[in-house]
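Subject: Structure handover

Hi,

Here is the structure for your files. My notes follow below it.

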Amino acid sequence: QDLSRATLTQELTRLAVNGMDVERCLAIRALALEPLSEALPALRKSRTDPDEDVRFDAVTIMAELADASAAADLLDSLLEDPSLDVKAAAIDGLGKLRAAVAVDTLCQLALEPSANMAWDGEEFAQGHSDPWLELQRLSITALGLIGDPKAVEPIVTATHDEFAQDLWPESLDALMGLGKTGIDVVISQLSSKTERVRRLATERLAKQPWLLTGEQLVELTRDPSVEVRRIAVSAIEKPDEELISELMSDADATIREAVLWKFGAGDPKRISKSLGDPAPLVQAAALRCLAQLQRKPEVETTERLLKSLLEKDDAEISCAVLEVADVLAPGCAGEVARTLAAKRAAPLKVRRTAIGKLSDIPEATGLNVLTSLVGDPIRSIRLSALDALSTIANRKAGKDTLADAAANTILAAFRGELIAPPVESTRSQLTTDEPGPGQGLR
């Protein structure tokens, strides 16, 4: 039977107050879809329901309705309800509503637990949970959302309490939302003796680098912590040449790599210098930057460079060579990929990267290598080879004999008929004809 909107709301209100516990919860959730003026009276009654789940749902829905008139009710639930879950939902709602009326209560809760808070002392003693810590964190977060600067002092006091648990992430986030007073406190933590605190403060300030002076940013790039320096580099926009040179000489390779990508990716001189860096990570980054230059070096020069880099036998560098060979030295890209794919002593990462490149290179010799790798003793190599063959087989543009040959190889592997051909095969093309002994199918 169809019900009018008014009748439906009336029935939901009745169930929210007088129904079974499950019915009351479901009715409250349904009321969230009703007009605010009609839902709030029932939600206010349910806020004092004897069932904790009903009260929790009522407070949660009141917060979701995002109406300032619910702030007083949420504050009452925070003050009066003994349930930790209900208190937590109320705090969350007060923060979302930017409820200034709750600032004093939240400041107090950030400093000490609520007098009527119900908690399991035995569970806490065994170290399983600290219910007040959760409410502290929620209160500090809500204070940051409300944005009243008078919350700065209690947040700082709670965070520095020698007997308190770790509140730094939530506190620094909240302080960033409390105006100049709060931001100044975060900036002051850049000189903390604790590396983690400096890192957390730097992370937050790096998102708004205009809050820091150029001198402060430069000082952060010289921090003893690699993490702090890396974050500082991400926040710098227009460094001078002296600072770039200093950062390119940082003791940590990840910093030098980050600086190269951010400030040197289009500079041939910096790229050239980084190709001689002692760290493979930086050399690989320099090689990738080189491939992105509009004016690339002569092919003969890059071929010699790629071969010299491969002689270092480093996985990071080898993968970079595979990525850029078809851009910097197309003539040797296939040879590099074939050699590294078949090199059993090479790291798996390198071999699998090479196999992936072979699927992009339309060469019969590459297809032969992939066919031979279907019988490789390493399972991940066999699967990678089949993936590459599948990519080639699905390439049907025009008359592609390689695509047909790749499809036949996959079918042969599926039937267990495959015999790997010699890797040294130099046939200019593959055909779909029945191959001779030792060359594919039997």
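At what angle do the axes of helix α22 and helix α23 cross? Roughly 140°, and they come within 8 Å. Axes are lines fitted to C-alpha atoms over the stretch in contact, with angles from 0 to 180 degrees between N-to-C directions. α22 covers residues 330-342 and α23 residues 348-358.

Some ground rules. This is a predicted model: local features need pLDDT of at least 70, side-chain atom pairs count only at pLDDT 80 or more, and totals for chains, interfaces and linings use all residues. Residues are numbered from 1 along each chain as its sequence is written, and side-chain values use heavy atoms, without hydrogens and water.

Back to the helix pair. In α22, Gly334, Ala337, Arg338, Leu340, Ala341 and Ala342 meet Val350, Arg351, Ala354, Ile355, Lys357 and Leu358 of α23 (contact: heavy atoms within 4.5 Å).

Next, α18 (residues 268-275). Arg270, Ile271, Ser274 and Leu275 are buried there (under 20% relative accessible area, 1.4 Å probe, protein chains only). Down the axis of α18, these residues fall within an arc of 140°, so they line one face of the helix. The arc uses directions from the helix axis to the C-beta atoms. They pack against α16, α17, α19 and α20. The face turned away carries Lys269 and Lys273, both exposed (over 50%).

Last, Gln189. This residue sits in the loop between α12 and α13. Gln189 is buried, at 10% relative accessible area. Beyond four places in sequence, Gln189 touches His160, Trp168, Leu172, Val197, Arg198 and Ala201.

Best wishes

How values were computed: Helix = DSSP H or I, 4+ residues; strand = E, 2+ residues; numbered from the N terminus.
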